[in-house]
Amino acid sequence: MGTVFVGAFLIVYLILIFVSLAVGILDIISYWKLFEKAGEPGWKSLIPFYNLFVITKIATGRYTAATWIAVLTALYYILLILVSITESVILTLIAFLALIPVVVLSCYIYYQFGKAYGKSTGWCVAMIFLNQILIIAMGFDKDIVYTGPASKNTELY
């Protein structure tokens, strides 16, 4: 009985690995295509952290939001290190509070990213929750055109 369970678990696990790899590869190809449609070299989509700055530039025309995300994330990890050393409840709360603007800015960036490609408001709101799927849909959409940052004059940050 135990061997059958282990075998079934292994099969399900392998299926999940292959599906995850397939979605990851499609995601990479999609970002490459979207970067090229925005006039950026596709290889910039492959570099971790730097691609966040390029996505922010494509979405908003500036790097400001990505810079804030990087600074607040670095602050979060520094606070986590201090929490593990001091076991302070207050530092834990501050670390948690440092993540709230990161989540808000990330949602804003992906909303604006959809708008930069001329997508509807509903699509852009869905981008916040179904980012990976909708990026793949956008990347393989032959009719999508980069229209530029939607909020050139109304920056929120």
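Glu 40, Lys 44 and Lys 57 are joined in a network of salt bridges, a salt bridge being a side-chain nitrogen of Lys or Arg within 4 Å of a carboxyl oxygen of Asp or Glu. The model is predicted: local features need pLDDT of at least 70, side-chain atom pairs count only at pLDDT 80 or more, and totals for chains, interfaces and linings use all residues. Residues are numbered from 1 along each chain as its sequence is written, and side-chain values use heavy atoms, leaving out hydrogens and water.

Glu 40 is buried, with a relative accessible area of 11%; buried means under 20%, exposed over 50% and partly exposed in between (1.4 Å probe, protein chains only). Lys 57 is partly exposed, at 32%.

The structure holds 3 salt bridges. One of them joins Asp 141 and Lys 119 at 3.6 Å, N to O. Lys 119 also lies over the face of Trp 123, 4.3 Å from the ring centre; for this, NZ of Lys or CZ of Arg must be within 6 Å of the ring centre and within 35 degrees of the ring normal.

Rings of Phe, Tyr and Trp (its six-membered ring) pair if their centres lie within 6.5 Å, with planes under 30 degrees apart stacked, over 60 edge-to-face and the rest tilted. The count comes to 8 aromatic pairs. Tyr 31 and Phe 113 have ring centres 6.5 Å apart and planes at 45°, so the pair is tilted. Phe 113 is buried, with a relative accessible area of 0%.
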